[in-house]
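Hello,

Here is the structure to take over from me.

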Amino acid sequence: MTLYCNATGNPLPTISWGKNGNPIGNNSKISYSAERIKLKIINVYRTDSGTNRCVAVNSIGDATSRDAKLVVELYVVASCTIEDVCFTIVDRGEITTNPSNVTKREGENVTLHCNATGNPLPTLSWTKYGSHIGNNPRISFSEDKNQFTITNAKGEDSGAYRCVAINCLGNNTSGTTFVNVQFAPEISKQTRNNIFVKGENVIFSCSVEGNPTPSVVWTKNGEDLDVTANSRLKLSSKNNDCCLEIAEVHLSDSGLYICVANNSVDVSHPPKDLRVISRGSRLIYISWTAGFDGNSAIQNYTVEIRQDGQIFRDAICQGRLLVNACVIYTTRVSIRELFPWTTYYLRVFARNIIGSSNYSFVVDVTTHEEEPGAPPENLQGYNTGSTSIKVTWIAVRKDKQHGDIIRYTVMHKKTTNGTYKSVEVTPISGKFVEIKGLDRYTYYDIKVSAATYLGNGPASEPIKVRTDEDVPSAAPTLVSVQTLNSTSIQVEWLAVPEESIQGIPIRYTIYFTDSDGKVNTKVVRPVKDRNTYQGVVPCLKESTEYSFQVSVSTAKGEGPLGKEDFCGAAMMEQTAKLEEKVSVQFDQYWSSEDAESYGDTAEFSGIRIRTRTGTDVNNSYQLKVGAFEAYSWP
C-alpha cells in the first residue's frame, strides 16, 4: 500500500510521516521515495491500521495534514494533499487459543475451548476427524461456539477434534486436539457351554474391548489359571480376540471357565460377604463388605430382592436415595415392607463413575411368623342329621397365612341366643369338622379362624345353618272334647311348642276309639302362627262312648299321642279326668254352690243335665262329681 503527500513552499519543505501522533521509525515493511513524498507499506497487516499524517517543514515554519479517513481492503492506494487520512486493515480470522488434549473416563464430561480474532469477527465451528459434528443430545455449544461440551462421555467419543474460524476473507483451523475417553473392559462374546471328547484339543475365546487396552486372564471354577504350570495350556490374542487353548483335554479339565479382563479404568468389583444380621416378620437387616473400587471411588450401592418364582426388583429400604430403588451410601441397610413368613432372595451391586459392578452372591432369608392376616375362605355348612352339622372351608390365602397353620378353630352358637362354643381342628385332619350334640331343627351361627404359633387370626363372617327335622318330642296338650249332637264331637287342643315339634308340622291327627276298640283318625292341617286347634269328628255311633287322643307329625314322622279323653256321643256321658279341663254344657245347677265356682277344684255334689230336641226335654242325667259315674235323672 502506498500513501502520497504533496507539499509546496519556498524554500522547498521536507516531508516526514507520523502514525497515531508518533513518528514512523525505521521498519523493514516501510519504504519512502526520495523526497518522502511516497510512503509504501509492504504486506499490509491489521497491525498497520491507524491514523497517519504527513508533516511539511522549511525554515519559515511547518504544516501538518489533517487526518484522512480512508478504508483500505487488501491493497489500498490513497492519494491526497495535506488532508487527514484514516484507514482500517481487514484480515481473515486467526485462532488465538487452541483446544488442549483431554483424557477422561467414561461417564465424565468433556469440554474444549477455542478463541479466534479477525475482522470481521469470525464464526466458529468444530470437526471430528475433519467432518462436521452432527446433532447429538450429549453434545452442546456455547452461544459463540467457543466452548464445546460432551456430556456423559463414552468410548465412541474418543478422536481428533479441531476448531475452525471463518469470516468473509477465509478460514483458519486450530491444531488437532485429541480426546481420549477411557472405559472399563467389555467382553462382547465368549464361548458357550460345550461337551468335548477326551483327548480333543479345545479352544475357548472371548472378544475384549477397553481403553486402556485390558489385560486378560482365564479362571477355572473361580480360580486364576496358572498357564505356566501346565504345558497343555496356551494363551494367545489377535486384535481383540483372546484365546485359551487346552491340548488333549482330560476329565480333570472339566469345569467353569471364565474370561476376565481388567484395566486401570474399571467398574468396582461386586460387594463381598453379603449376610443377614437380623430379621423380623416384616423387615430384614443385611450388611456386606465393599469390593475393589476399580480405581474410582464407589458412589453407591443398590439392593435388589425377589420371591420364589419372581424376577429381581428394587428393594424398599431405609435411607434410600431414590424413591423407587434401594440406592444407598453405606454397606448395611434394613429392607422394609416385607411379608411375614416369606422367603426372600437378596443381592447387591456397587456403582462408581465408570459403571455398575456385577452382582454379589445371592443370600436367602425367611421372615418371622405372625398371626394369620385373614380368615379361612369359602366357609360352608350343611346338616347331617337333626343334631349334627358338617362344616368345610378352604385354607387361608397363602400370602395371608403369615406362618405355619397349626390349627383351625370352628365356633358355633344358636342364632337366637347363647355364646360361642369352639371345636379345634388340626390341619392334618383336614379342613372340615362335624359338630354333634346340637338341638334339633335349630339355626346355628358358625364361623372359623386359623392360627399360627403366634396366635389366632381373624374369624370369618358367620354363616347360618339349621339342623335337620326330627320326630316331634311332645304331644298336643290341654285336649278337650265337646258333644255337638248325637253323632258329632268337637275336639280342641293347644299346639305343640316349636322347640318340641322339632321341624315343620305337616298335620295333627285325632285318634278316636269306640267302645269296641275300633280306632279311627281325622287329620287337621296346621295353620302358621296358630296356637289353638279344633277338629269336629262327625258320623259317630249314637249312644257310644269314645276316647280321643291327638298327635302332631313332621316330615320325619309322628310324635307321641296325648292322654286319652272320653266322651259318650249318644248318652252324653263323659268320664274326663278331674285334673284335665273339659267343656260341659248344662242348663241347671242343683248344687248349693253358685255355677261360677265350677272348676278343677269345685266342691259340689252333682249336675243335672237335660237334653232337648227342639223345645222338648228328652232326658235328664245326673253326674256325680268325684265318682265319675253317670246316673239317670228322671
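Lysine 413 lies over the face of tyrosine 420, at 5.7 Å from the ring centre. A charge counts as over a ring if NZ of Lys or CZ of Arg is within 6 Å of the ring centre and within 35 degrees of the ring normal. Lysine 145 sits over phenylalanine 141 in this way, at 5.4 Å.

Some ground rules. This is a predicted model, in which local features need pLDDT of at least 70, side-chain atom pairs need 80 or more, and totals for chains, interfaces and linings use all residues. Residues are numbered from 1 along each chain as its sequence is written, and side-chain values use heavy atoms, without hydrogens and water.

Next, the rings. There are 15 aromatic pairs in the structure. Rings of Phe, Tyr and Trp (its six-membered ring) pair if their centres lie within 6.5 Å; planes under 30 degrees apart are stacked, over 60 edge-to-face, the rest tilted. Tyrosine 508 and tyrosine 533 have ring centres 4.7 Å apart and planes at 40°, so this pair is tilted. The pair links strands E45 (residues 507–513) and E47 (residues 532–537), its members being 25 residues apart. Strands are DSSP runs of at least two residues, numbered from the N terminus. Tyrosine 508 is buried at 1% relative accessibility, and tyrosine 533 is buried at 2%. Buried means under 20% relative accessible area (1.4 Å probe, protein chains only). Trp126, Phe141, Phe148 and Tyr161 make up one aromatic cluster.

Finally, a sheet. Strands E35, E36 and E39 form an open antiparallel sheet in that order. Two strands pair if DSSP finds at least two bridges between them. E35 (377–385) and E39 (432–435) each have a single partner strand, so one side of each lacks a neighbour in the sheet.

Best wishes

Notes: Helices (H or I, at least four residues) and strands (E, at least two) are DSSP runs, numbered from the N terminus. Buried means under 20% relative accessible area, exposed over 50%, partly exposed in between (1.4 Å probe, protein chains only).
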